[in-house]
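Dear colleague,

My notes on what was found in it follow directly after.

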Amino acid sequence: MKKAKIETIRHSLSHIMAHAVQDLFPKIKFGMGPAIENGFYYDFEFPQNISISDLPRIEKRMKHIIKRNISFKKRKLEKKEITKLFRNQPYKKELIKDLPKNTASFYESGNFIDLCKGPHVKSTKEIDLTAFKLTRTAGAYWKGSEKNPMLTRIYGVAFKTKKELTDYLSKLEEAKKRDHRLIGKQLELYAIYPEIGAGLPVWLPKGYRMRRILEDYMIKLERKYGYEHILTPHIGKDTLFKTSGHLDFYKESMYSPVEIDKETYYLKPMNCPMAIIVYKGNLHSYRELPIKMGEFGTVYRYEKSGELSGLSRVRGFTQNDAHIFCTPEQLMTQFIEVFKMLKIFYRDLGFTNYKFRLGLGDPKKEKFKYCGSKKDWNHAEETIKKALEKTGADYYEAVGEAAFYGPKLDVQAIDTLGREESISTIQIDFNLPEKFDMNYVGPNGKKQRPYVIHRALIGSFERFFAFLIEYYKGNFPLWLTPEQVWIIPISPKNKKYCKEIYQKLLENNFRVKIKDESESLSKKIRTGQLQKIPYLLIVGDKEMKTKSVSPRFRGKDLGQIKLTAFIKRLTIEIEKKK
Ligand SMILES: [Zn+2]
Ligand SMILES: [Zn+2]
């Protein structure tokens with residue numbers, strides 16, 4: 001028999017799971033249940049509380065149903081008739097009401113029916129009994145809106161073979177251990193307080209220390225390439241966002257306005273309009289271009305509460321933003337320069353595996369869908385491709401993935417589990433220069449339109465940190481790590497020498513701490529390892545006598561070395577950003 005597509009199997013399994021739940025909990029109310037990446041889910045309103053411990057029972061029932069070799073049959077009826085079939089199902093009735101046509105299709109598999117367009121497996125024997133698993137439950141608002149009741153979502157994963165499932169589950173296990181929400185808490189890097197607000201993370205001392213190190217690093221790198229930095233306010237007048245078009249095209253991501261002295265202000269969802277106002281504050285000659293204006297700008301964008309997650313999905317975040325204002329002729333050199341910076345940045349962060357995704361316009365839609373002229377688009381797209389080829393970057397084209405205002409290049413970093421994360425972005429904008437009537441004086445003395453390039457290397461600090469934590473599992477490179485060295489005296493009489501080491505390390509700008517609490521030595525070492533401190537110096541009489549240290553580097557004993565040699569080792573490790 002021809003095997004069904006995996007998406008079809010996943011989708012069919014969501015029906016079978018709902019079927020099993022119906023068998024076990026006859027008073028169940030059904031929400032929706034689609035196939036998703038790697039699996040499927042279904043939302044239910046249970047008559048009682050259920051938890052992950054109920055999943056094996058449901059899974060067992062699913063296997064029982066699959067073994068009965070049930071077939072899926074499509075049926076079509078008038079809405080009125082279908083509503084009768086779903087008499088006790090308020091959520092399904094709501095969905096039926098919203099259907100555009102008067103007739104609709106639904107599927108029957110055994111004694112279970114579901115509103116659905118399909119496709120499904122012909123019969124359950126196409127599903128491998130050993131290649132799926134129910135994994136977890138979660139709360140999910142009906143239709144994703146917090147105004148609606150909270151349902152219980154059950155997630156499952158499914159593959160074509162048992163091996164694929166086992167591989168996936170072991171990756172999942174590893175991903176759990178790397179979860180930035182877990183490590184972020186364990187290492188006290190950031191916190192989210194309900195008293196402050198959902199999706200509004202607070203950087204705790206250690207996390208903020210790391211962030212400052214990265215900020216300083218980035219400012220230095222950008223200044224080296226001729227960037228100047230500005231800092232604009234968090235709110236701005238409505239007229240600004242009217243001009244930019246955000247209130248027309250981006251309003252659903254913006255928060256309600258505030259009124260100040262009878263004028264309306266919005267939290268900024270993007271930094272660009274304010275950077276452009278700064279550009280327009282002076283008349284510019286072609287001789288001054290390119291102007292590279294950097295900003296660690298904090299923006300606020302609405303995310304549904306159910307979609308918020310740690311540092312990766314938040315409602316306010318700070319971008320490593322910059323706007324490059326240049327002439328069309330400068331586009332190529334500017335792109336190549338940003339690549340150079342990207343390469344340095346990724347190398348220093350230890351990201352070895354990444355690829356470029358070039359989002360191009362869809363030529364079929366070109367007419368009215370995009371801002372800017374066809375000529376400008378062609379020029380920009382050709383220039384980016386040439387620049388990519390010149391730098392030898394590995395890229396792939398995604399036709400139709402451009403922004404409406406211009407082509408864009410995203411950098412996807414890939415972690416050890418093979419997961420991709422969009423980190424950096426470079427985008428050309430043909431919209432804002434028109435909207436804000438931006439100009440520069442050309443060589444002929446006439447006003448001309450500059451190009452605007454939006455560029456973010458770190459992307460947002462919040463999302464970047466989520467990636468960084470998971471990438472390194474909290475074992476950050478020495479130059480980034482918030483605490484580099486802990487000094488642990490074996491007995492009180494070693495304290496004086498510990499102080500000496502501390503002073504020396506401090507003078508050399510290392511981030512160091514003495515652990516002289518009255519805890520046992522082994523406990524301190526254990527805590528140090530849990531806190532992922534790269535170097536633990538255990539100091540006793542032997543070290544004191546010889547003015548040396550015995551470092552443990554991430555759990556490995558390095559033996560006794562002179563303090564001066566240790567300082568040298570650290571200095572090199574930090575300089576080389578190992
Ligand atoms: Zn279906
Ligand atoms: Zn921008």
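Predicted model: local features only at pLDDT ≥ 70, side-chain atom pairs only at ≥ 80, totals over all residues.

**Findings in domain 4 and beyond**

Residues are numbered from 1 along each chain as its sequence is written, and chains are lettered from A and ligands numbered from 1 in the order in which they are written.

S491 sits in the loop that links β24 (485-489) to α16 (495-507). Here helices (H or I, at least four residues) and strands (E, at least two) are DSSP runs, numbered from the N terminus. Between the C-alpha atoms of S491 and D541 there are 8.8 Å, although 50 residues part them along the chain.

**The sheet around β24**

β24 belongs to an open sheet of five strands with mixed pairing, in the order β25-β24-β26-β28-β29. The edge positions are taken by β25 (512-514) and β29 (556-557), each with a single partner strand, so one side of each has no neighbour in the sheet. α16 packs on this sheet and touches β24, β25 and β26, its direction making about 165 degrees with that of β24. Contact means that the C-beta atoms of two residues, placed from the backbone, lie within 7 Å. Axes are lines fitted to C-alpha atoms, for helices over the stretch in contact, and angles run from 0 to 180 degrees between N-to-C directions.

Strands β24 and β26 (residues 535-539) run parallel and are joined by five bridges; two strands count as paired if DSSP finds at least two bridges between them. Within this pair, I487 stands opposite L537 of β26. A further helix, α17 (residues 521-530), lies across β24 and β26 and runs at about 175 degrees to β24.

E470 lies in helix α15 (residues 461-472). This residue counts as buried because it has 25 C-beta neighbours inside 10 Å. Leaving aside residues up to four places away in sequence, E470 touches R178, D179, H180 and D415. Its C-alpha atom is 42 Å from that of P26, which is 444 residues away along the chain.

Strand β19 (residues 408-414) pairs with strand β20 (residues 420-429) in the antiparallel sense over seven bridges, and A413 stands opposite E421 in β20. Five residues lie between the strands of this hairpin, where G418 takes a positive phi near 85 degrees. β20 also pairs in the antiparallel sense with strand β23 (residues 451-460), over five bridges. There I426 stands opposite R455 in β23.

Helices α1 (residues 6-24) and α2 (residues 55-67) pack with their axes 8 Å apart, at an angle of about 110 degrees. They are therefore roughly perpendicular to each other, the term covering 65 to 115 degrees, with under 35 counted as roughly parallel, over 145 as roughly antiparallel and the rest as oblique. The residues in contact are I16, M17, H19, A20, V21, D23 and L24 of α1 and R57, I58, R61, M62, I65 and I66 of α2.

Helices α11 (residues 331-349) and α13 (residues 374-391) have axes 9 Å apart and an angle of about 45 degrees. α11 is thus oblique to α13. On the α11 side L331, M332, F335, I336 and F339 take part, meeting A380, T383, I384, K386, A387, K390 and T391 in α13.

**The chain as a whole**

The protein chain has 19 helices and 30 strands, and its C-alpha atoms fill a box of roughly 85 × 75 × 55 Å along the principal axes. Of its 578 residues, 34% are buried. Among contacts with a separation of 6 or more, 71% join residues 24 or more positions apart.

The domain assignment gives domain 1 (6-164), domain 2 (190-232 + 283-472), domain 3 (234-270) and domain 4 (485-575); such bounds come from an automatic or database domain assignment. The centres of domain 3 and domain 4, taken over C-alpha atoms, are 53 Å apart.

With kind regards

How values were computed: Buried ≥ 20, exposed ≤ 12 C-beta atoms within 10 Å, placed from the backbone.
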